[in-house]
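Welcome! Please take a moment to look at the model shown here, and then read the notes that go with it.

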Amino acid sequence: MPELPEVETVRRTLIQLVAGKRIERVTVSLPRIIQRPSEPEAFAAALAGQTIRTVERRGKFLRIILDELVLVSHLRMEGRYGVYRQDEPVELHTHVIFHFDDGTELRYKDVRQFGTMHLFAPGDEFVMAPLKKLGIEPLDESFTLDAFKQKLAKKTTKIKPLLLNQEYVVGLGNIYVDEALFLAGIHPERTADTINGPEWERLYEAVKTTLQRAVDAGGSSIKSYVNGQGEMGMFQHALLVYGRKNEPCNKCGRLIDKTVVGGRGTHICLSCQPLPKVRGKKNG
Ligand SMILES: [Zn+2]
């Protein structure tokens, strides 16, 4: 699933490809992608005649800003956009086509069919699902150490699922949570309330650093992720633990372990991310 850096890469690419283009009509061949309005015909009718102004991002969602509407799009597992000429053959699994008046088309392809699109009047998108409950943007100025601790520090749940929960901090998925916890030297099964002051500082910096480095590299291309222009991101070559099971840790040389935390495959260096012994545990 694309995480913040991949969605950011798609956003930047889409701006170059579609900003300023006027939508003539829209074809929807898989109605379930369209979540709002409920009728795909109404979705298509509302978009006809609208010009794409820019593309913004909120967490892992794209916000496509039009003249009088905002299209909120989530790629979920394998959704992807591409711009084509009208006469180019339409690939299998293309579910929504935005036909522009200049003879090009923005096509949305989604093999797994989990992606969603919601249409809103500008501003309404922030007070309704799916954006309503989203937490802090980790690359914004509003993401401070205090704000981060305030959201999480008293929780008695494991830190990995907390970081994955988009209601606290947005944009992190399985790859970048594993990377950030490794960089901070924190075991993913530690409960948030056991993490001390210096560790919160390290984790805060690690979240920002990991995401910023990945954004700078154009995201990670793992499995089928490809950005809007069909280019591959490069960050997968810089991953420290994710996808590196049984490879040596870059810091200490111990082989990276893979385990399951909160139902998610989790990569960890057990030397760099030790799990402190629970006090009072039987037999020491
Ligand atoms: Zn290590």
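Helices (H or I, at least four residues) and strands (E, at least two) are DSSP runs, numbered from the N terminus. Over residues 2-115 the chain is 20% helix and 40% strand, and the end C-alpha atoms of that span are 11 Å apart. Please keep in mind that this is a predicted model: local features need pLDDT of at least 70, side-chain atom pairs count only at pLDDT 80 or more, and totals for chains, interfaces and linings use all residues. Residues are numbered from 1 along each chain as its sequence is written.

**The whole protein**

- The protein has six helices and 11 strands.
- Its radius of gyration is 21 Å, close to the 19 Å that the globule rule gives for 284 residues, so the protein is as compact as a globular protein of that length. (The radius is taken over C-alpha atoms, and the globule rule is 2.2 Å times the number of residues to the power 0.38.)
- Taken along the principal axes, the box filled by the C-alpha atoms is roughly 70 × 35 × 30 Å.
- Of the 284 residues, 36% count as buried. (A residue is buried if 20 or more other C-beta atoms lie within 10 Å of its own, exposed if 12 or fewer, and partly exposed in between; C-beta atoms are placed from the backbone.)
- Among contacts between residues at least 6 apart in sequence, 61% join residues at least 24 apart. (Two residues are in contact if their C-beta atoms, placed from the backbone, lie within 7 Å.)

**Domains and annotations**

- The domain assignment gives domain 1 (4-127) and domain 2 (145-268). (Such bounds come from an automatic or database domain assignment.)
- Taken over C-alpha atoms, the centres of domain 1 and domain 2 are separated by 29 Å.
- An unreviewed UniProt entry carries the annotation "domain: Formamidopyrimidine-DNA glycosylase catalytic" for residues 2-115. (UniProt positions are given in the numbering used here, feature names are shortened, and annotations may be inferred rather than shown by experiment.)
- UniProt (unreviewed entry) also places "domain: FPG-type" at residues 240-274. That span is 0% helix and 29% strand, and its end C-alpha atoms lie 16 Å apart.

**Helix H6**

- Helix H6 (residues 197-216) has 20 residues and reaches 29 Å from its first C-alpha to its last, close to the 28 Å expected at 1.5 Å a residue. (The expected span is 1.5 Å times one less than the number of residues.)
- Which residues of H6 are buried? They are Leu203, Tyr204, Val207, Thr210, Leu211, Ala214 and Val215.
- Seen down the axis of H6, these buried residues fall within an arc of 140 degrees, so they line one face of the helix. (The arc is that of the directions from the helix axis to the C-beta atoms.)
- Gly197, Pro198 and Asp216 are exposed residues on the face of H6 turned away from its buried side.
- The cover over the buried residues of H6 includes helix H1 (4-18), helix H3 (145-152) and helix H5 (174-184).
- Just after H6 comes glycine 218, with a positive phi of about 85 degrees.

**Helix H5**

- H5 is mostly covered, with 10 of its 11 residues buried. Among them are Ile175, Tyr176, Leu181 and Phe182.
- Helix H4 (159-164), H6 and strand S11 (264-268) are included in what covers the buried residues of H5.
- Glycine 185 follows H5 and has a positive phi, near 70 degrees.

**Leucine 4**

- Leucine 4 is found in helix H1, and with 25 C-beta neighbours inside 10 Å it counts as buried.
- Leaving aside neighbours within four places in sequence, leucine 4 is in contact with Lys60, Gly171, Leu172 and Leu211.

**Backbone details to look for**

- Most residues other than glycine have a negative phi, and most peptide bonds are trans.
- The peptide bond from arginine 36 to proline 37 is cis, with omega near -5 degrees. Proline 37 sits in the loop between strand S2 (34-36) and helix H2 (40-47).
- Another cis peptide bond runs from alanine 129 to proline 130, with omega near 5 degrees.
- Histidine 93 has a positive phi, near 70 degrees. This histidine 93 lies in the loop between strand S6 (80-85) and strand S7 (94-100).
- Is histidine 93 buried or partly exposed? With 16 C-beta neighbours inside 10 Å, histidine 93 counts as partly exposed.
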